[in-house]
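Visitor: I am new to this structure and would like a close look at one part of it, the aromatic pairs. Please start with what is needed to follow the description.

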Amino acid sequence: GQAYGVLQIRNSRIVEVNQAKGTTYRHQDAFQPATARRIANDYLAIQSRRLPGVVTDEKLARNWAGGSKGWTDSKTILYWQKVKREMDRLSQKQAKP
């Protein structure tokens, strides 16, 4: 499926959030930055409760890219590496005086 909006949200993520939280988000909502952040945060919170073992940024990022079993899918490794580089870049930027 295609991903839309500022956070590249797939419709399946919106459906999952709506089912779990009783919300009525639509795919068009992914284009509104504040709403997109709420959808993403809700999805990641749902996923964090479903993941086995220790919940890590890697597992969450890979699930964002590949769905509820994305953390086990080798196709999401490159996505995680991209996310990790960006997280490291932002961390270094914040650490500079």
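Guide: A contact here means heavy atoms within 4.5 Å. The model is predicted. Of the contacts in the protein with a separation of 6 or more, 36% are between residues 24 or more positions apart. Along the sequence the elements follow the pattern β-β-α-α-α-α, that is, 4 helices and 2 strands.

Now to the aromatic pairs. A search of the whole structure finds 2 of them. One is formed by Tyr4 and Phe31, whose ring centres are 6.1 Å apart; their planes meet at 50°, so this pair is tilted. Tyr4 belongs to strand β1 (residues 3-4), while Phe31 sits in the loop between α1 (11-21) and α2 (33-50), so the pair links distant parts of the chain, 27 residues apart. Tyr4 is partly exposed, with a relative accessible area of 31%. Phe31 is also partly exposed, at 48%, because partly exposed covers the range between the buried limit of 20% and the exposed limit of 50%.

Tyr43 and Trp64 form an aromatic pair as well, with 5.6 Å from centre to centre and 70° between the planes, an edge-to-face arrangement. Tyr43 is in helix α2 and Trp64 in helix α3 (residues 57-66), so this pair ties together parts 21 residues apart in sequence. Both Tyr43 and Trp64 are buried. In the protein, buried residues make up 32% of the 97 residues.

Terms used
Residues numbered from 1 in each chain as written. Predicted model: local features only at pLDDT ≥ 70, side-chain atom pairs only at ≥ 80, totals over all residues. Heavy atoms only, no water. Buried < 20%, exposed > 50% of the residue type's maximum accessible area, 1.4 Å probe, protein only. Phe/Tyr/Trp six-rings, centres within 6.5 Å; stacked < 30°, edge-to-face > 60°.
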